[in-house]
Amino acid sequence: MAPRETVICIGCPLGCRVTVLRDRKGNVAGFKGAECKQGQKYVLEELKNPVRTLTATVRTGDESCPLLPVRTSRPVPKALMKPIMRETARVKAAPPVKAGDVILKNVLKTKADLVATADWPGAGGEG
Ligand code: SF4
């Protein structure tokens, strides 16, 4: 018997625990626990190509605000999270930065940009 696969659907706050049912050949035969069809679609995507929005920080070189928070503009393949983190570690932001500004375009050809999630300098003039 194949190991049970359970995925928590993030489609809505209900957070259904969806168990994947497989036939003897290992093909997906159905789902248990999803309250709606969206959950089944989410789990199929999660099995095929899991993606996540990456949040991180980039260096600024400014002592008063050494790190600037960033995130990817769209979810990126889970398998690329570490390589993208390595790219992020090489980046140095240059002021002024507004929340939403692109810090690194098309990171590792994922079509996702690394965007700032805060202003720098901040509203008070400090980092
Ligand atoms: S399966 Fe449907 S109801 Fe359940 S968490 Fe996902 S979207 Fe919400």
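First, some housekeeping. What you see is a predicted model, where local features need pLDDT of at least 70, side-chain atom pairs count only at pLDDT 80 or more, and totals for chains, interfaces and linings use all residues. Residues are numbered from 1 along each chain as its sequence is written.

Let's start with the overall picture. The protein has two helices and nine strands; these are DSSP runs numbered from the N terminus, with helices being H or I of at least four residues and strands being E of at least two. Reading from the N terminus, the order is β-β-β-α-β-β-β-β-α-β-β. The radius of gyration is 19 Å, well over the 14 Å that the globule rule gives for 127 residues, so the protein is more spread out than a compact globule. For that comparison, the radius is taken over C-alpha atoms, and the rule is 2.2 Å times the number of residues to the power 0.38. Along the principal axes, the C-alpha atoms fill a box of roughly 60 × 30 × 20 Å.

There are two domains to look at: domain 1 covers 5-48 and domain 2 covers 55-116, with bounds that come from an automatic or database domain assignment. Taken over C-alpha atoms, their centres are separated by 31 Å.

Now to domain 1. Here we find an open sheet of three strands in the order β1-β2-β3, paired antiparallel. Strands count as paired if DSSP finds at least two bridges between them. The edges are β1 (5-8) and β3 (28-32), each of which pairs on one side only. On average, neighbouring strands of this sheet are turned by 30 degrees against each other, direction ignored. Angles like this run from 0 to 180 degrees between N-to-C directions, using axes that are lines fitted to C-alpha atoms, for helices over the stretch in contact.

Zooming in on the strands, β1 and β2 (residues 17-22) are joined by four bridges. You can find T6 bridged to T19 in β2, and V7 bridged to V18 in β2. Four bridges also join β2 to β3, again antiparallel, and there L21 has G30 in β3 as its bridge partner.

Helix α1 (residues 37-48) lies across β1, β2 and β3, and runs at about 65 degrees to β2. Contact here asks for C-beta atoms, placed from the backbone, within 7 Å.

What surrounds the ligand? The shell consists of C9, G11, C12, L14, G15, C16, A34, E35, C36, Q38 and G39, where a residue is near if its C-beta atom, placed from the backbone, lies within 6 Å. By class, that shell has six nonpolar, four polar and one charged residues. In this scheme Ala, Val, Leu, Ile, Met, Phe, Trp, Tyr, Cys and Pro are nonpolar, Asp, Glu, Lys and Arg are charged, and the others, Gly among them, are polar.

On to domain 2. An open sheet of four strands has the order β5-β6-β9-β8, with antiparallel pairing. Its edge strands are β5 (55-59) and β8 (102-104), each pairing on one side only, and the twist averages 45 degrees from one strand to the next. Strands β6 (residues 67-72) and β9 (residues 114-116) pair over three antiparallel bridges, with T72 bridged to L114 in β9. Helix α2 (residues 81-90) lies across β5, β6, β8 and β9, running at about 25 degrees to β5.

The peptide bond from P95 to P96 is cis, with omega near -5 degrees, and P96 sits in the loop between α2 and β8. Another cis bond goes from W120 to P121, with omega near 0 degrees; P121 is in the segment after β9. Finally, N106 has a positive phi near 45 degrees in a residue other than glycine, and N106 belongs to the loop between β8 and β9.

Terms used
Contact = placed C-beta atoms within 7 Å.
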